[in-house]
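Open the viewer and show side chains. This tour moves from one selection to the next.

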Amino acid sequence: MLNPGHHRYPPAAVAWSIWGLGALLYLIGFYQRVAPAVMTDRLMSEFAIGATELGNLSAFYFYSYVAMQIPTGILADRWGPRRLLTAGAAVAAIGTALFAVAADLWWANAGRLLIGASVAVAFVSMLKLATHWFAPRQFALASGLALLFGVVGGVIAGVPLGMLIEAWGWRPVMGASAALTALLSVTIWLRVRDDPQDVAYLSHAPAAATGKTHTPILRGMGEVLSYRNIWILLITPIGIAGAVLTFAGLWGVPYLRQVHGLDTRAAAAITSLLLIAWAVGGPVLGALSERMGRRRPLYVATTAAALAGWAVIIFLPIPVWLMIVTLLFTGFFSGNLIIGFAFAKESVPARLMGTASGICNMGPLLGGMLLQPSVGWVLDRNWLGATAGGARIYDATAYQAGFSLMAACLVVSLCLIPFARETYGRQTG
């Protein structure tokens with residue numbers, strides 16, 4: 001198994017391989033998050049639904065994901081990542097299989113609900129593993145690479161998934177996805193360990209985080225929520241990440257097809273570029289924040305840049321090539337949510353990091369949960385009655401009205417960040 005080191009920290013290869021298995025579940029979770037974008041027409045036609053119902057079908061993932069964040073943070077503190085990741089991958093496999101064989105919309109929603117609830121354990125568990133297996137200076141890097149893993153999953157759910165679905169159909173492809181997720185569950189149980197001390201290496205975790213005493217659940221939650229920063233860092237990513245997840249995760253592909261006349265493969269490639277830029281921005285902006293030794297100024301500046309980018313995309317009549325450039329710009333600066341994760345971790349004592357991470361990780365997913373169905377609702381309100389192959393067609397005015405919600409949420413984010421207390425890259429208490 002793992003080679004004991006007794007009086008030294010774990011080798012980088014060992015640490016990254018253990019963290020990487022958790023990252024693979026996050027990759028699968030992100031893949032599932034974005035997958036509906038390349039099958040919108042098939043789902044609308046097969047289940048006889050409009051944009052509102054489709055937005056809800058996609059958002060069922062987010063409903064359970066968000067609901068699981070606080071329990072996940074508490075369980076990460078109490079039970080450890082290994083058991084959480086193993087169980088999460090197993091339930092995700094079941095949910096994916098259920099979605100693959102769903103006879104009607106009710107069962108499809110149930111499958112998405114199970115998937116969201118189960119993969120919700122991945123990100124917080126990865127942060128917990130990073131705290132124990134990596135030196136503190138590597139935490140922002142690990143957080144940024146976590147987003148990179150997730151976006152790889154999102155890219156796989158773009159052109160590659162679209163091609164597989166064209167060749168085999170969406171149900172067999174989802175069935176194969178379920179089998180791979182079940183295999184990951186077994187691998188995590190065999191390989192992952194919560195702390196280097198479990199295999200006789202030294203741990204990087206603060207002493208308070210490796211102790212056996214725990215703050216009572218309700219008191220711990222109350223203590224975390226007593227910090228103003230936690231509230232700000234929970235709400236801020238709703239606009240920043242929510243806009244990316246809404247465009248790349250559901251409505252960008254049909255928008256590019258119906259308004260700009262692109263085929264599904266080209267549209268999926270463009271939304272994948274947005275995700276790739278998002279992934280690159282995460283570690284770059286996280287590392288820049290570490291070098292600056294400050295969180296707030298960079299968070300404000302990059303949020304303003306993301307808002308400007310979305311404003312150009314939504315409100316100006318630009319050609320496709322300029323839209324691609326602007327999406328790359330916007331995606332890069334939207335990677336600033338990595339600054340927020342480090343900001344949140346530093347805003348509470350070390351013993352509450354898991355709970356704080358769980359609460360603040362709700363923000364990005366709240367963005368998808370609220371914006372995907374809301375944009376769908378606005379699209380349906382502005383639908384002029386056109387259909388193709390049983391799926392509704394929306395015009396440019398409808399999409400502009402729907403996407404305006406994304407810009408409004410980003411305005412709120414930009415107004416909130418200046419009220420956060422600067423941590424200067426140091427742990428509270």
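Which residue lies over the face of Trp-383? Select Arg-392: it is 3.9 Å from the ring centre. A charge sits over a ring if NZ of Lys or CZ of Arg is within 6 Å of the ring centre and within 35 degrees of the ring normal.

Before moving on, note that this is a predicted model, where local features need pLDDT of at least 70, side-chain atom pairs count only at pLDDT 80 or more, and totals for chains, interfaces and linings use all residues. Residues are numbered from 1 along each chain as its sequence is written, and side-chain values use heavy atoms, with hydrogens and water left out.

**Stop 1: Arg-392 again**

The term means a side-chain nitrogen of Lys or Arg within 4 Å of a carboxyl oxygen of Asp or Glu. Arg-392 lies in strand S2 (residues 391–392) and Asp-380 in helix H18 (residues 362–381), so the bridge ties together parts 12 residues apart in sequence. Helices (H or I, at least four residues) and strands (E, at least two) are DSSP runs, numbered from the N terminus. Asp-380 counts as buried at 9% relative accessibility. Arg-392, at 25%, counts as partly exposed. Buried means under 20% relative accessible area, exposed over 50%, partly exposed in between (1.4 Å probe, protein chains only).

**Stop 2**

Select Arg-257 and Asp-41, whose closest N and O atoms are 2.7 Å apart. Arg-257 is in helix H12 (residues 228–258) and Asp-41 in helix H2 (residues 40–47), so this pair ties together parts 216 residues apart in sequence. Asp-41 is partly exposed, at 27%.

Next, pick Glu-346 and Arg-295. This salt bridge has its closest N and O atoms 2.3 Å apart. Both residues are buried.

**Stop 3: aromatic rings**

Rings of Phe, Tyr and Trp (its six-membered ring) pair if their centres lie within 6.5 Å; planes under 30 degrees apart count as stacked, over 60 as edge-to-face and the rest as tilted. There are 23 aromatic pairs. Select Trp-19 and Phe-149: centres 5.6 Å apart, planes at 90°, so edge-to-face. Trp-19 is buried at 3%, while Phe-149 is partly exposed at 26%.

**Last stop**

Where is the charged end of Arg-82? It sits over the ring of Trp-189, 3.7 Å from its centre.
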